[in-house]
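Could you walk me through the strand pairing and the charged side chains in this model?

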Amino acid sequence: MAERPSISTHVLDTDRGAPARGVRVELYRQGRLLSDQQTNEDGRIADLVQGTLEAGRYRMVFHVPSPFFSRLEVEFNVADPGCHYHIPLIVAPYMCATYRGS
(Lines give C-alpha, C1' and ligand atoms only; values in the text may rest on other atoms or scores of the structure.)
Protein backbone atom coordinates (compact mmCIF):
# COMPACT_ATOMS: atom_id res chain seq x y z
CA MET A 1 0.00 0.00 0.00
CA ALA A 2 1.38 3.44 -0.94
CA GLU A 3 2.12 6.04 1.70
CA ARG A 4 -0.40 8.84 2.11
CA PRO A 5 0.98 12.12 0.69
CA SER A 6 2.59 14.11 3.50
CA ILE A 7 5.43 16.35 4.62
CA SER A 8 8.08 14.97 6.96
CA THR A 9 11.39 16.14 8.39
CA HIS A 10 14.54 14.82 10.03
CA VAL A 11 16.80 17.17 12.02
CA LEU A 12 20.43 16.16 12.55
CA ASP A 13 22.79 17.94 14.96
CA THR A 14 26.23 17.58 13.38
CA ASP A 15 27.94 19.22 16.36
CA ARG A 16 26.87 16.30 18.55
CA GLY A 17 26.81 13.76 15.73
CA ALA A 18 23.27 12.74 16.69
CA PRO A 19 19.61 13.33 15.89
CA ALA A 20 18.25 16.62 17.24
CA ARG A 21 15.59 15.54 19.73
CA GLY A 22 12.81 17.84 20.88
CA VAL A 23 13.20 20.47 18.14
CA ARG A 24 9.97 22.40 17.70
CA VAL A 25 8.84 22.54 14.06
CA GLU A 26 5.90 24.55 12.77
CA LEU A 27 4.31 24.07 9.35
CA TYR A 28 2.41 26.91 7.66
CA ARG A 29 0.46 27.07 4.40
CA GLN A 30 -0.46 30.52 3.10
CA GLY A 31 0.25 32.04 6.52
CA ARG A 32 -1.98 29.58 8.40
CA LEU A 33 -0.42 27.34 11.06
CA LEU A 34 -1.15 23.70 10.15
CA SER A 35 1.06 21.90 12.64
CA ASP A 36 3.27 22.54 15.68
CA GLN A 37 5.23 19.43 16.73
CA GLN A 38 8.57 18.35 18.21
CA THR A 39 11.07 15.91 16.76
CA ASN A 40 11.13 12.46 18.34
CA GLU A 41 14.13 10.56 19.81
CA ASP A 42 15.42 9.97 16.26
CA GLY A 43 15.07 13.67 15.31
CA ARG A 44 12.08 12.95 13.07
CA ILE A 45 8.52 14.07 12.52
CA ALA A 46 6.83 11.61 10.18
CA ASP A 47 3.75 13.65 9.30
CA LEU A 48 3.50 17.41 9.70
CA VAL A 49 0.37 17.80 7.56
CA GLN A 50 -2.00 15.63 9.63
CA GLY A 51 -4.66 15.94 6.96
CA THR A 52 -4.93 16.32 3.21
CA LEU A 53 -1.84 17.63 1.44
CA GLU A 54 -2.75 20.44 -0.96
CA ALA A 55 -0.72 22.14 -3.67
CA GLY A 56 0.76 25.52 -2.73
CA ARG A 57 3.50 27.29 -0.86
CA TYR A 58 4.48 25.93 2.56
CA ARG A 59 6.82 27.24 5.24
CA MET A 60 8.56 25.17 7.91
CA VAL A 61 9.94 26.97 10.96
CA PHE A 62 12.60 25.10 12.94
CA HIS A 63 13.39 26.31 16.48
CA VAL A 64 16.89 24.86 16.60
CA PRO A 65 19.35 24.26 19.46
CA SER A 66 22.09 26.65 18.36
CA PRO A 67 23.95 29.50 20.06
CA PHE A 68 23.70 31.48 16.78
CA PHE A 69 20.37 30.62 15.13
CA SER A 70 17.18 31.06 17.11
CA ARG A 71 15.01 29.75 14.28
CA LEU A 72 15.37 28.70 10.66
CA GLU A 73 12.67 28.96 8.00
CA VAL A 74 12.38 26.95 4.81
CA GLU A 75 9.79 27.93 2.24
CA PHE A 76 8.96 25.44 -0.51
CA ASN A 77 6.33 24.67 -3.12
CA VAL A 78 4.19 21.56 -3.23
CA ALA A 79 3.49 21.13 -6.91
CA ASP A 80 2.19 17.57 -6.75
CA PRO A 81 -0.02 16.97 -3.70
CA GLY A 82 0.05 13.25 -4.52
CA CYS A 83 3.71 12.98 -3.48
CA HIS A 84 5.52 12.71 -0.17
CA TYR A 85 7.78 15.69 0.62
CA HIS A 86 10.71 15.13 2.97
CA ILE A 87 12.59 18.25 4.13
CA PRO A 88 15.61 17.31 6.27
CA LEU A 89 17.68 19.87 8.18
CA ILE A 90 21.33 19.50 9.10
CA VAL A 91 22.34 21.96 11.80
CA ALA A 92 25.49 22.86 13.71
CA PRO A 93 26.22 25.84 15.96
CA TYR A 94 27.06 28.18 13.06
CA MET A 95 25.78 26.47 9.90
CA CYS A 96 22.75 24.73 8.47
CA ALA A 97 21.72 22.98 5.28
CA THR A 98 18.52 21.54 3.88
CA TYR A 99 17.43 19.77 0.72
CA ARG A 100 14.51 17.85 -0.75
CA GLY A 101 14.94 14.36 0.63
CA SER A 102 13.36 11.15 -0.55
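Here is a short tour, going from the strands to the salt bridges.

This is a predicted model, so to speak of local features a pLDDT of at least 70 is needed, and side-chain atom pairs count only at pLDDT 80 or more, while totals for chains, interfaces and linings use all residues. Residues are numbered from 1 along each chain as its sequence is written, and side-chain values use heavy atoms, with hydrogens and water left out.

**Strand pairing**

- Strands here are DSSP runs of E with at least two residues, numbered from the N terminus, and two of them pair if DSSP finds at least two bridges between them.
- Strand β6 (residues 56-63) pairs with strand β3 (residues 24-29) in the antiparallel sense, over 6 bridges.
- Within that pairing, arginine 29 has tyrosine 58 of β6 as its bridge partner.
- Strand β6 also runs antiparallel to strand β7 (residues 72-78), and 7 bridges join the two.
- Asparagine 77 in β7 stands opposite arginine 57.
- In a regular strand, side chains alternate between the two faces of the sheet.

**Salt bridges**

- Side chains of opposite charge can pair when their charged atoms come close.
- A salt bridge here is a side-chain nitrogen of Lys or Arg within 4 Å of a carboxyl oxygen of Asp or Glu, and by this rule the count comes to 9.
- Arginine 57 forms one of them with glutamate 75, with the closest N and O atoms 3.4 Å apart.
- That pair links distant parts of the chain, since arginine 57 lies in strand β6 and glutamate 75 in strand β7, 18 residues apart.
- Arginine 24 forms a salt bridge with glutamate 26, and their closest N and O atoms are 2.4 Å apart.
- Arginine 71 forms a salt bridge with glutamate 73, where the closest N and O atoms are 2.3 Å apart.
- Salt bridges that share partners join Arg24, Glu26 and Asp36 into one network.

**Exposure of the charged partners**

- Buried means under 20% relative accessible area, exposed means over 50%, and partly exposed lies in between (1.4 Å probe, protein chains only).
- Arginine 57 counts as partly exposed at 47% relative accessibility, while glutamate 75 counts as exposed at 51%.
- Arginine 71 is partly exposed, with a relative accessible area of 41%, and glutamate 73 is partly exposed, with 39%.

Note on methods: Helix = DSSP H or I, 4+ residues; strand = E, 2+ residues; numbered from the N terminus.
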